[in-house]
Amino acid sequence: MPNQIPDELTATMRGWRHRLHAMPETAFEEAETSAYVAGLLESFGIEVNRGLGGTGVVGTLRKDDGPVIGLRAELDALDIEEVRDLPYKSRNRGKMHACGHDGHMAMLLGAARHLAGSDSFRGTVRFIFQPAEENEGGGLRMVEDGLFEQCPVDRVYGMHNWPGIAVGRMALRPGPVMAASDMFEILVTGQGTHAGMPHMGSDAIVTASALVGALQTIPSRMIHPADPSVVSVTQIHGGHTWNGVPAEVVLRGTVRSFDAGVRDTIEAAMSRIAAGVAATHGVSAVVTYDRRYPATVNHPDAVARVEAVAGAMFGDRNLVTDALPSMGAEDFSYMLQHRPGCLTWLGAGPTENGHVLHNEHYDFNDALLPLGAGFWVRLVQAELSARRP
């Protein structure tokens, strides 16, 4: 299928992307980014709704009566210090578009501009730009603020660039595609003492060390081997001096799973293990377990629709339908809990030299801009066909 995105628009998208890359803003602080996106949509003649989820933006493009679909991109960046000296390097110290949301916005804006000047569909497109995808649940905030009541859709679609899949390929699958994400904190409290006199206290550090290993028995010994799950301790904090055993140590980490029952089992097991290990060492342990994003579950009918469009655009041999689900998490999951839809991965090329998501060397691959925008255009045309019965 010939490319529908002209070179002029591709160059314009590149300029948008570089500008967005240079002004990264993190969760619920995307004021400049939101204003920039809203201004571009309005310049295309698209109706704009602002403020859903705090800084969210929804552009609505109506072309006669018909079905309504939503296309979603993310506004936020990450708390990462960019190390590459790019011409469009982040000007906000300690913040960086290290996940490609700058590219996602540029592709969706490009599709919006192209479709605004087209008469190739009949229906309504909602261009959804959501805040705070990274950790803070901006997708949920938009839903709770009335996204689908104020801006109704029949189906909703998302797309994420994916290093490790070749450029010119697209991956998708029905059912769970990205994991549920939970966070935990375990406060271990013992009795501080001189490091040379450990018998006079109760050692929170030794207990915390034992806990790190014991927690790994949850996915390896308490969950069915066919049910994917991960328990990762990512932080250990305790102590301030070389010669003192601290009274408190804090462990923090994340849990990933796909099944609701597995999620319940892990939470219960964590509290039980923490209590048992603490009792063994004569200290206390308090677990705080925070359920975050649910699993991202694609709807089979929406996957079939995307597969038909992607197969026609990229060729069936470049359509990856057997990709393993990712243990990463996505708050697009909240939108899919309320409306049928699909999240797909757009191949972003090799992962060498830090070209992986959430890496301080990462930069979105601009070769994806016409591919992603072109895919959105084709999906709209397929979903909102101009043909009348």
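Me: Is L346 buried or exposed?
Reply: Buried, because its relative accessibility is 0%. Keep in mind that this is a predicted model.

Me: Which strand is L346 found in?
Reply: L346 belongs to β16, the strand covering residues 341-347.

Me: What does L346 touch, beyond its sequence neighbours?
Reply: Leaving aside residues within four places in sequence, L346 is in contact with M107, M159, H160, N161, W162, R169, M170, F314, L368 and G372.

Me: What about T344, where does that lie?
Reply: T344 also lies in β16.

Me: Buried or exposed? And why?
Reply: T344 counts as buried, because its relative accessibility is 2% and the cut-off for buried is under 20%.

Me: Which residues does T344 touch?
Reply: Not counting residues up to four places away in sequence, T344 touches G158, M159, H160, M170, A171, L172, V306 and F375. M159, H160 and M170 are contacts of L346 and of T344.

Me: Switching to the core. How many residues are in the largest nonpolar one?
Reply: The largest nonpolar core has 62 residues. Those with the most contacts inside it are L41, L71, F127, F129, F375 and W376. F375 is also a contact of T344.

Me: Which element gives the largest share of that core?
Reply: Helix α3, with eight residues.

Me: What is L71 in contact with?
Reply: Leaving aside neighbours within four places in sequence, L71 is in contact with L108, V125, R126, F127, I128, Y157, W376, L379 and V380. F127 and W376 are also on the list of residues with the most contacts in the largest core.

Me: What other core lies apart from it?
Reply: Another core, of 24 residues, lies apart from the largest one. Its members include F184, V188, A204 and A269.

Me: Back to helices. At what angle do α2 and α3 pack?
Reply: About 15°, with the axes 10 Å apart. Here α2 is residues 31-43 and α3 is residues 101-116. That angle makes α2 roughly parallel to α3. The crossing is right-handed.

Me: Which residues make the contact?
Reply: From α2, T33, V37, L40 and L41. From α3, M105, L109 and A112. By class, that is six nonpolar, one polar and no charged residues.

Me: At what angle do α1 and α3 cross?
Reply: At roughly 145°, with the axes coming within 9 Å. The crossing of α1 and α3 is right-handed.

Me: Which residues meet there?
Reply: E8, L9, T12, M13, W16, R17, L20 and H21 in α1 meet D102, G103, M105, A106, M107, L109, G110, R113 and H114 in α3. They divide into eight nonpolar, five polar and four charged. M105 and L109 of α3 are also part of the contact with α2.

Me: And α1 with α11, what angle?
Reply: Helix α1 (residues 7-22) and helix α11 (residues 369-383) pack at about 110°, axes 9 Å apart. They are therefore roughly perpendicular to each other.

Me: Which residues make that contact?
Reply: T10, M13, R14 and R17 of α1, plus L369, P370 and A373 of α11. By class, there are four nonpolar, one polar and two charged residues. M13 and R17 also take part in the α1 contact with α3.

Conventions. Residues numbered from 1 in each chain as written. Predicted model: local features only at pLDDT ≥ 70, side-chain atom pairs only at ≥ 80, totals over all residues. Heavy atoms only, no water. Axes fitted to C-alpha atoms, helices over the stretch in contact; angles between N-to-C directions. Helix = DSSP H or I, 4+ residues; strand = E, 2+ residues; numbered from the N terminus. Parallel < 35°, antiparallel > 145°, perpendicular 65-115°, else oblique. Left-handed = near helix turned anticlockwise from the far one by under 90°. Contact = heavy atoms within 4.5 Å. Nonpolar A, V, L, I, M, F, W, Y, C, P; charged D, E, K, R; others polar. Core = buried A, V, L, I, M, F, W, Y, C linked by side-chain atoms within 4.5 Å. Buried < 20%, exposed > 50% of the residue type's maximum accessible area, 1.4 Å probe, protein only.
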